[in-house]
Amino acid sequence: MYARRRRGYFWMMGGCVALFVSAWAVVRLWSMTAAVAMCLVAMVIPPVAAVLANRRGPEDRWWDDPSGDPKSDEWWDELDGRKRY
């Protein structure tokens, strides 16, 4: 699950860098408006990539990980109606 999110993050950030570099290395020679538009799209990608890379999927079980305190874990398990074995 982490590898999939990391791979997606690097693909998005790679696309961001490719858009930025190609906008100012190649596209600006033909159209300054297109180069600026590409940079605006590239500007939006990093926050979106960070949000998508840090979201938790349904298979991520962070809320029921043991805390390390056996008494507390036993108490929470009793409240949740389950027993750890």
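Student: Hi! Which residues form a nonpolar patch on the surface here?
Tutor: Hello! In this predicted model, the patch is made of V17, F20, V21, W24, M32, V36, L40, M43, V44, V48 and L52. Together they have about 980 Å² of accessible area.

Student: Nice. Which helix gives the most to that nonpolar patch?
Tutor: Helix α2 does, with seven residues. Both α1 and α2 (32-54) take part, each supplying at least two residues.

Student: Can we zoom in on one patch member? Where is V48, and how accessible is it?
Tutor: V48 sits in helix α2.

Student: OK, stepping back a bit. How many helices and strands does the protein chain have?
Tutor: There are three helices and zero strands. Reading from the N terminus, the order of elements is α-α-α.

Student: And how much of the chain is buried?
Tutor: Of the 85 residues in the protein chain, 18% are buried. The accessible surface of the chain comes to about 6900 Å², and carbon and sulfur atoms account for 67% of that surface.

Student: New topic: L19. Where does it lie?
Tutor: L19 is part of helix α1, which covers residues 2-25.

Student: What does L19 touch, leaving out residues up to four places away in sequence?
Tutor: L19 touches M38, V41, A42 and I45. Also, the C-alpha atoms of L19 and A35 are separated by 8.8 Å, and these two residues are 16 apart along the chain.

Student: You mentioned V41. Which helix is V41 in?
Tutor: V41 is found in helix α2. V41 also counts as partly exposed, with 46% relative accessibility.

Student: Let's look at R5. Why does R5 count as buried?
Tutor: R5 counts as buried because its relative accessibility is 13%, and the cut-off for buried is under 20%. R5 lies in helix α1.

Student: What does the side chain of R5 reach?
Tutor: The R5 side chain reaches the backbone oxygen of A53, at 3.3 Å.

Student: Last topic, aromatic rings. How many aromatic pairs are there?
Tutor: The count comes to one aromatic pair. Y9 and F10 form this pair, and the arrangement is edge-to-face.

Student: How do you describe a pair like that?
Tutor: A pair of aromatic rings is described by the distance of the centres and the angle of the planes. For Y9 and F10, the centres are 5.6 Å apart and the planes are at 70°.

Methods: Residues numbered from 1 in each chain as written. Predicted model: local features only at pLDDT ≥ 70, side-chain atom pairs only at ≥ 80, totals over all residues. Heavy atoms only, no water. Helix = DSSP H or I, 4+ residues; strand = E, 2+ residues; numbered from the N terminus. Contact = heavy atoms within 4.5 Å. Patch = residues over 30% accessible without salt bridge, like charges linked within 9 Å, V, L, I, M, F, W, Y side chains within 5 Å. Areas by Shrake-Rupley, 256 points an atom, 1.4 Å probe, with all protein chains shown as cover. Salt bridge = Lys/Arg side-chain N within 4 Å of Asp/Glu carboxyl O. Buried < 20%, exposed > 50% of the residue type's maximum accessible area, 1.4 Å probe, protein only. Polar contact = N/O pair within 3.5 Å; in protein donor to acceptor, adjacent residues only side chain to side chain. Phe/Tyr/Trp six-rings, centres within 6.5 Å; stacked < 30°, edge-to-face > 60°.
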